[in-house]
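This briefing sets out selected structural features of the model shown below.

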Amino acid sequence: MNLAAMDMIDWVIFLAKPVLICVIMLQVVPIMVWVERRGSALIQNRLGPNRIGPLGLLQSLADAIKMMTKEDFIPGHVMGFYYQLAPVLCVVPAFMTFAVIPFAGNLVMDGRTIHFQAADLNVGVLYILSITSLAVYGIIMAGWASNNKYALLGSLRSSAQMISYELTMGLALVGIIMTFSSVQLADIVAGQSQTLIQLGPIAIPKLGIFVQPIGFFLFTTAVFAETNRLPFDLPEGESEIVAGYHLEYSSMKFGLFMMGEYISMAVGSALISTLYFGGFQMLPGMGWLHGQIVQAAALPQLQADLLRVGFEIASFTAKTGFWLWTFVWVRWTIPRFRYDQLMDLGWKFMLPVALLNIFATGFFIYKGWI
Amino acid sequence: METRAEKITESLGLGNSQHYNITHDPDDIWDDSRVIINIGPTHPAMHGALRMVAKLNGETIEKSYCMFGYTHRAKEKLGENRTYHQFVVYTDRLNYCSALNNNVTYAMAVERLMGIQVPDRTVWLRMICCELARVIDHFICLGINAVDLGAFSFFLYGFHQREEAYTLIEKLCGARLTTSYTRIGGMMHDAPEGWEKEVKAWVARTRKVIQEMDELLTTNKIWRQRTVGVAVFDKEDCMKYSFSGPNARAAGIDHDLRRDQPNMFYKDVEFDVPIAKNGDVFDRYLVRIEEVKQSLNIIAQCCDKMKKGPIWTEDKRVRIPDKDVVHNTMEGLIHHFKFFMTGFDVPEGEAYTVNEGANGEVGFYIVSKGAPRAHRMRIRGPSVWHFQGLTPMVEGEKIGDMVAALGSINIIAGELDR
């Protein structure tokens, strides 16, 4: 991007996108906290919080106020600087990952092309892998700076787990990169709009899940591990090591860890949707609906495009929302692994399968089947 | 320059380097420089105030020792200072998850010393109480074990039924947790009208829930990975550590006091005693699941067989005078006063009365010298033996397994410390 050639409007768009994404991501946290509480209640035959606001929706607000107004207590035995830094290091990478995820198709307005993506980096997927690796520093730092054995155990578990599963995650992504011949997420999404098989009137799109089913399972599992959610929530396994790395944190510092977890969940869900479910490609039926509306109202090109962007954002949100719900669903359904079993699963099962998947993908591409 | 860590150790009075001397004593857990963590007495996995000090190598527990006594209330000594009637309330606080069971066992112990026979209805009612308590206790054990391994929903499914059972118990005696329902020679109240029907409806609902719980976890792959072959305590170990109840049956010891030394009317009801082989966490879980089902069967049979009738023995020594007699006659008032102030004398003798509690053998050993207070009272709580088995059970296992093992043997601090 040539910064010198940008005029005022370009600058506004350029700056508005990251701000918009940050604001949206911050909104995800209270909503997800609410979904988690009500969702777990639904699964467990309970009611869940239903007193504050309609359906208990304002419960998260009350929680946020509680978090912020609590005493910002720092135990005497911690290493001050790193202790303060760790929660920030946990949250920031989670936000940064979202920068490269496209949430709608391009919009041409007044001869300007607007990318609905904070940064259309040419390294795309590689950027995601590098940024998600950063999150582990925050956790290690928290465990070490807390000067507490349980916290240290938690952060050790976490670092081992994240490093192991990042390998699988990366290798699972290689399959996608090979299939769509690009590391840019926008290209991957565009690639998924192609037709894989034509079954009479129904065109099966070339979605990531159809061309990379094994990669999809590996990636999803790795995302669960990366976000420290059940069944991989060993770093904070409350019954074993109390709360793991955030044991010594309270008030908003603890809140930042929680935010980090939910934001990385949202990013993980967005990635799964983007890489394997066509990202912002419209849900089945939406394309037809869009065509009908445009035709019926005889909309000009710009308005039709705006409507399309709206539909695409809605599709993307729906897909991401489904995967976010899956995170909640899984958490309240299955037990957690043991530390060594987790390592075994990562290194002895998922890594070899991910490698085999790459070879299989290569073979399929060589044969021209996908 | 002094480091922060040095400052801390100094402030704790540990600054002296001789404190860190390595003695190479194999029995000294504090020897050498491995990480030692203190699990408990306030730790989310410790059910009650229990403490384990574990020496870790990575995540593996190399050596450990357990401590208890944080909730010691001198129950047995209190038994020598309270009348037999007054002691009923203390039995609630032994295994508070199955308080009714302790109530019943204690009442039976005193009745045995006095040679009192209670009416049939009381016996059936007590059997229902025992089995209700067993179901409640097993629901807690299964649920908490699952919570410790991360399966929270499983726990709440059981807990819902447990709350309903407590509502049934509340209808009996007005209390939910600390019931104090039995009296020497009878019960506090008769069951209210239609109570048996409600119990049977509850049994039908609970059968479905336990089936659902069974299906949810028994075949779950992660659950099996976490429990099969974990914290194995085989037959010999169980014998050595005097295990009883479901924990012993999970290791293949075919022993159930309800069948082998039937008290009350246990020989008149049909039930199976589930046995497993391996004595690991998974087998303890399976045995408990099956025992809940069997207990539900027993409750249903008891409800059918329970007939209307008196609930108090005719023995004047122990029978609490009726309220209208107390309020309207002088003799009744005197009787009432004497009963609650001085208590009744229990003939000289000693007896050990056991009952199959939810966790194992619950026993009361009472020595009487003919006074209204016991001369010696000794209570056998199965958790004492089970807790001592925890150290050998978790040696060489991971921390996560320790949590699973502790949950599976169902240590109740009230019964452990007494």
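In this predicted model, three strands of chain B form an open, antiparallel sheet in the order β1-β2-β3. Strands pair if DSSP finds at least two bridges between them; helices (H or I, at least four residues) and strands (E, at least two) are DSSP runs, numbered from the N terminus. β1 (35-39) and β3 (60-67) of chain B stand at the edges with a single partner strand each, so one side of each is left without a neighbour in the sheet. From one strand to the next, the twist averages 20°, where axes are lines fitted to C-alpha atoms (for helices over the stretch in contact) and angles run from 0 to 180 degrees between N-to-C directions.

**Basis of the values**

- Residues are numbered from 1 along each chain as its sequence is written, while chains are lettered from A and ligands numbered from 1 in the order in which they are written.
- Because the model is predicted, local features need pLDDT of at least 70 and side-chain atom pairs count only at pLDDT 80 or more, whereas totals for chains, interfaces and linings use all residues; side-chain values use heavy atoms, with hydrogens and water left out.

- Five bridges join β1(B) to the antiparallel strand β2 (residues 51-57) of chain B, and B:V35 has B:L56 in β2(B) as its bridge partner.
- β2(B) and β3(B), also antiparallel, are joined by seven bridges; B:M52 has B:C66 in β3(B) as its bridge partner.
- The hairpin of β2(B) and β3(B) has two residues between the strands, and B:G58 takes a positive phi near 70° there.
- Helix α5 (residues 149-180) of chain A lies across β1 and β2 of chain B, at about 110° to β1(B); contact means heavy atoms within 4.5 Å.

**Sheet β6-β7-β8 of chain B**

- Three strands of chain B form an open sheet in the order β6-β7-β8, with antiparallel pairing.
- Its edge strands are β6 (349-356) and β8 (376-380) of chain B, each pairing on one side only.
- The twist of this sheet averages 10° from one strand to the next.
- Five bridges join strand β7 (residues 361-368) of chain B to β8(B), and the bridge partner of B:G363 in β8(B) is B:R380.
- Helix α4 (residues 99-114) of chain B lies across β6, β7 and β8 of chain B and runs at about 150° to β6(B).

**Salt bridges**

- Over all chains, the count is 34 salt bridges, each a side-chain nitrogen of Lys or Arg within 4 Å of a carboxyl oxygen of Asp or Glu.
- One of them links A:K348 with A:D344, whose closest N and O atoms are 3.6 Å apart.
- Both A:K348 and A:D344 lie in helix α13 (residues 339-367) of chain A, four residues apart, which is about one turn of the helix.

**Chain dimensions**

- Chain A has 13 helices and four strands.
- The radius of gyration of chain A is 22 Å, close to the 21 Å that the globule rule gives for 370 residues, so chain A is as compact as a globular protein of that length; the radius is taken over C-alpha atoms, and the rule is 2.2 Å times the number of residues to the power 0.38.
- The C-alpha atoms of chain A fill a box of roughly 65 × 55 × 50 Å along the principal axes.
- Chain B comprises 18 helices and eight strands, and its C-alpha atoms fill a box of roughly 85 × 50 × 35 Å along the principal axes.
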